[in-house]
Amino acid sequence: MWLYALISIALALAYCFILYSYLKYWRALGEYSPAPSASPTTSVTVLIPARNEADNIQECLASIFQQDFPAELFEVIVIDDHSDDQTAAIAAAAGARVLSLADFINSQQEQSFKKLAIEIGIQHATGKLIVTTDADCIVPRQWLYLIVTFYQEKRARFIAAPVNFHNESNTLERFQSLDFMGMMLITGAGIHSQFMRMCNGANLAYPKAIFEKVNGFEGVDHLASGDDMFLMQKVAKRYPNDIYFLKNSAATVKTQAKPDWNSFLQQRIRWGTKSSSYQEIQVTAVLALVFFLCCNLLLSLLLGLVWDVRILVLFLFQLSLKIVADFFLLRTAARYFGRTDLMHSFWSAQWYHILYIVVVGTLSNLRKTYIWKGRRVR
């Protein structure tokens, strides 16, 4: 009993310490503001891997072609991944250069389709700086200007920038938005502290030469997902001081949260299956800490209800620590991104968070297959 209590309290305190550290490093991370004289001179290739995105690709491309950025300095390449809808035709009509992945690979022998799409896009890119986003994203007008001026100022080898959800229509989507904003804060803090490097492929930038110098996805090309974090960690291994997070809310790319539990769980299982393959062990360690804390909370609640009511006191103490830590982190993120309205979902989000961490953490380690974009992926 006492040993269980000590382990439970230690997990909760470690969680609080980690979140406190993230908040400290987030506040220490300076807000990027371009100098008044800053002028973009670097050529850019925007890469968009796309599969069956006919409903989204036109709005995505419209937001890119409306950039406050010199048109002669950027190109857009859409790599069509075996779509069976009008994705390629819509992208071409919108002014993007379209490459068909089917022209370069045998789809029966591959499963890392997105990595291959990015590699092929980079091979055909004319820009010095590669910028990636997803076909279901909307980018702000200052997006390329901020990324390029930041790159020119820092001479960065890899840049991660914010991604948020928007246009929520139900409780699950609001939970995802709040949770993901917290992840963006953690992403910025982790990169700034050089403790835990994470990123999202919907808003990344890196020089084409750097991608080639680290041999692209070589070594992780057998894994279906992870085109973002695996590449980032490869670059960080060689250039640990040249990885940056672009902290400016005007550079935030927006996309839609998953509308139902099935699609949400499939997405998070896809993310979870790669966690044991991260090169930076501290990323896996932090994910494991959160997983074991959430498992421990549910176990304490169950034991308190069916065995010893005193364990309910322990459960309430653990839960209170988690709630306080989450509140300060999520409130800071919500204020920064101008979404304090999402804090109305904070209490329901606590239970969603605990349950989904346990379910996804368990499933992503027990099963290594999932359905994504109509494919069964290993």
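Predicted model: local features only at pLDDT ≥ 70, side-chain atom pairs only at ≥ 80, totals over all residues.
Helix 5 covers residues 143-154 and has 12 residues. From its first C-alpha to its last it reaches 17 Å, close to the 16 Å expected at 1.5 Å a residue. Of these 12 residues, 10 are buried, so helix 5 is largely enclosed by the rest of the structure. The buried residues are W143, L144, Y145, L146, I147, V148, T149, F150, Y151 and Q152. Just after the helix, R155 takes a positive phi of about 55°.

Two packed helices are described by the angle between their axes and the distance between the axes. For helix 6 (residues 171-193) and helix 11 (residues 310-336), the axes come within 9 Å and cross at roughly 90°. An angle from 65 to 115 degrees counts as roughly perpendicular, and therefore helix 6 is placed in that class relative to helix 11. On the side of helix 6, the residues that meet helix 11 are L178, M181, G182, L185 and I186. Their counterparts in helix 11 are L329, L330, T332, A333 and A334. The residues of this contact divide into eight nonpolar, two polar and no charged. Why might residues three or four places apart in an α-helix point the same way? An α-helix has 3.6 residues a turn, so residues at that spacing point the same way.

The loop between helix 6 and strand 7 holds N200. N200 has a relative accessibility of 16%, and it counts as buried because the limit for that class is under 20%. A polar atom of the N200 side chain lies 2.9 Å from the backbone nitrogen of A202. Not counting residues up to four places away in sequence, N200 touches V163, F180 and D228.

The R268 side chain makes a polar contact of 2.9 Å with the side chain of Y356, and another of 3.2 Å joins it to the side chain of Q267.

Two residues earlier in the chain remain. I79 is found in strand 2 (residues 74-80) and is buried, with a relative accessible area of 0%. Leaving aside neighbours within four places in sequence, I79 is in contact with L47, I48, P49, A50, L99, L101, A117 and G121. The C-alpha atoms of I79 and I357 are separated by 33 Å, and the two residues are 278 residues apart along the chain.

D103 has its place in the loop between strand 3 (97-100) and helix 4 (113-124). D103 is exposed, with a relative accessible area of 61%.

Technical notes: Residues numbered from 1 in each chain as written. Heavy atoms only, no water. Polar contact = N/O pair within 3.5 Å; in protein donor to acceptor, adjacent residues only side chain to side chain. Helix = DSSP H or I, 4+ residues; strand = E, 2+ residues; numbered from the N terminus. Expected span 1.5 Å × (residues − 1). Buried < 20%, exposed > 50% of the residue type's maximum accessible area, 1.4 Å probe, protein only. Axes fitted to C-alpha atoms, helices over the stretch in contact; angles between N-to-C directions. Parallel < 35°, antiparallel > 145°, perpendicular 65-115°, else oblique. Contact = heavy atoms within 4.5 Å. Nonpolar A, V, L, I, M, F, W, Y, C, P; charged D, E, K, R; others polar.
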